[in-house]
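Please read it alongside the sequence and structure shown here.

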Amino acid sequence: MADSGGSSTPLLPGDGSSSRNRCPWRFSIPSPATSFRIKTSVWAELGGAVGDLGTYIPIVLALTLVNHIDLGTTLIFTAFYNAITGLLFGIPMPVQPMKSIAAVALSASPHLTIPQIMAAGLSTAAVLFLLGITGLMSTLYRILPLPVVRGIQLSQGLAFAFSAIKYIRYDQDFTASTSSSSSSPRSWLGLDGIILALVALLFLVISTGSGDDQERNANRDRSRTRSCVPVSRIPSALIVFLVGILICFIRDPSILQNLKFGPSAITITSITWEDWKIGFFQAAVPQIPLSVLNSVIAVCKLSSDLFPDKTELSATSVSVSVGFMNLIGCWFGAMPVCHGAGGLAGQYRFGGRSGASVLFLAIGKLILGLVFGNSFVTILSQFPIGILGVLLLFSGIELAMASRDMNSKEESFVMLVCAAVSMTGSSAALGFVCGIILYAVLRLREVDWCRLVGIRGKDDAVEEN
């Protein structure tokens, strides 16, 4: 994605005035100088690079330990995904695990095998790819009521925030089923205690404030205050993450002995017909509606809110992007991934403003994948979960705050009902359906049925006389 005044265009035609040319296969690669141009500072982009790790690390860690997905392969492929999507879209486009597939893979009895997980990812990718290239995703994006989309964003944001509080307050066992991952209360002291998490939380609040646009705040406050170290240039999330990595070695110095140098061997995954059936019906079916709503529709809406000076993201391009990533990587055993509104909100919250943010993340992942391979999981297994909770909390709140633009009571009503159903039923698809029905019922109330069927009321008779 390019700036509104630039000459480069998105990967595929947009959903607005630029969509007159409907050929979905007309590719236009933006200039790296445009997509990776740093908008604020290198430190801010570095901070944004790790803004999504609060959701990325727990899921990847659990899938690696329980389902034996190769972490090295996943790091290498997601590094390429980050770099390519950063180039194509020009914003800190996140690359997240497919959460429904991960939840099923971890909670199913027996646990899903690697071929079954890959079959689920490939099935979901095929659906999104077809919706994208046929233009159906763009049509869906244009006709969906904004209050319904905001309801999905609000529910996802609050769900992230609730999970973050659990990470901070309770010990977590990511290798257990999702229903029993929270166990005993977390101790206040120690290298993964509540006090450590609260210190990290306080540091992030002091350094990033409420998450307002840093450039606007800097211009507004320049005439009033001066600081020898501007907090807007502190890569706060990166500092917190690096402290977490340091704590890993302090908690268990023996992890150095378990590290093995060199990348993992990349092999092609063999998928049987039984794997396809299990992967599709158990994991892909619940994932597809979540990917459509949160990975495409909500991402496009949120990007237009966060980056109003940029050309609107094309639902077609985002949908094709999700499909294309998995149609390649899943064959080699890389974790199924998607884009996500929560990840975009988190990376923006901590300073990401351009494709440079995810480019930095891609470089870091690639180095770790090539140097340590799958053995890097020994480090992640010791990462303080309370710190991950703090990062996830900020991501969730930023996503939930996107719903603050509902200006009427009717819009807020639809949004809140949609969010409540989504969270109560743990299903974004169920909340979406209820939101659409409620929105349609409210629209029907505005129809003048008497005039429609030809019955004149008293007001009509008076006007005629």
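R150 and D305 form a salt bridge whose closest N and O atoms are 2.5 Å apart, a salt bridge being a side-chain nitrogen of Lys or Arg within 4 Å of a carboxyl oxygen of Asp or Glu. The pair links distant parts of the chain, since R150 belongs to helix α8 (residues 146-169) and D305 to helix α13, 155 residues apart; helices (H or I, at least four residues) and strands (E, at least two) are DSSP runs, numbered from the N terminus. The two partners can be described by relative accessible area, where buried means under 20%, exposed over 50% and partly exposed in between (1.4 Å probe, protein chains only). On that scale R150 is buried at 1%, whereas D305 is partly exposed at 34%.

The model is predicted, so local features need pLDDT of at least 70 and side-chain atom pairs count only at pLDDT 80 or more, while totals for chains, interfaces and linings use all residues. Residues are numbered from 1 along each chain as its sequence is written, and side-chain values use heavy atoms, with hydrogens and water left out.

| Salt bridge | Closest N and O atoms |
|---|---|
| R150 and D305 | 2.5 Å |
| E410 and R443 | 2.4 Å |
| R443 and E446 | 2.5 Å |

In the bridge between E410 and R443, E410 lies in helix α19 (residues 409-424) and R443 in helix α20 (residues 428-445), so the pair ties together parts that are 33 residues apart in sequence. E410 is partly exposed, with a relative accessibility of 30%, and R443 is likewise partly exposed, at 25%. R443 also forms a salt bridge with E446, and E446 is exposed, at 53% relative accessibility. Elsewhere, salt bridges that share partners join D171, R186, D192 and R251 into one network.

The protein chain as a whole has 22 helices and four strands, and 53% of its 465 residues count as buried. Contact here means heavy atoms within 4.5 Å; among contacts between residues at least 6 apart in sequence, 84% join residues at least 24 apart.

In soluble globular proteins, nonpolar side chains tend to be buried together. A nonpolar core is defined as a set of buried Ala, Val, Leu, Ile, Met, Phe, Trp, Tyr and Cys residues joined through side-chain atoms within 4.5 Å. The largest such core in this model has 110 residues, and those with the most contacts inside it are L63, L302 and L313. Helix α13 supplies the largest share of this core, with 13 residues. When residues up to four places away in sequence are not counted, L63 touches H68, I69, A102, A105, L106 and M335.

A62 is found in helix α3 (residues 53-66) and is buried, with a relative accessible area of 2%. Its contacts, leaving aside neighbours within four places in sequence, are with N67, L106 and F174. The C-alpha atoms of A62 and D173 are separated by 8.7 Å, although these residues are 111 apart along the chain.

S321, in helix α14 (residues 315-329), is also buried, with a relative accessible area of 7%. Not counting residues up to four places away in sequence, S321 touches T85, F89 and H339, and H339 is also one of the residues that line the largest cavity.

A search of the whole structure finds five cavities of 30 Å³ or more. On a 1 Å grid over the protein atoms alone, a cavity is a set of points where a 1.4 Å probe fits but cannot get out, and lining residues have an atom within 4 Å of a point. Grid points are joined across faces, edges and corners, and a volume is the space filled by probe spheres set on the points. The largest cavity has a volume of about 50 Å³, and its lining consists of Q96, P97, M98, K99, Q156, Q287, L290, N294, S295, C338 and H339. Strand β1 (96-97) and helix α13 (273-306) each supply at least two residues of this lining, and α13 gives the most, with four. The lining divides into four nonpolar, six polar and one charged residue, where Ala, Val, Leu, Ile, Met, Phe, Trp, Tyr, Cys and Pro count as nonpolar, Asp, Glu, Lys and Arg as charged, and the others, Gly among them, as polar.

Technical notes. 1 Å grid on protein atoms, 1.4 Å probe; cavity = no way out; pocket = protein on both sides within 12 Å on 5 of 7 lines; lining within 4 Å.
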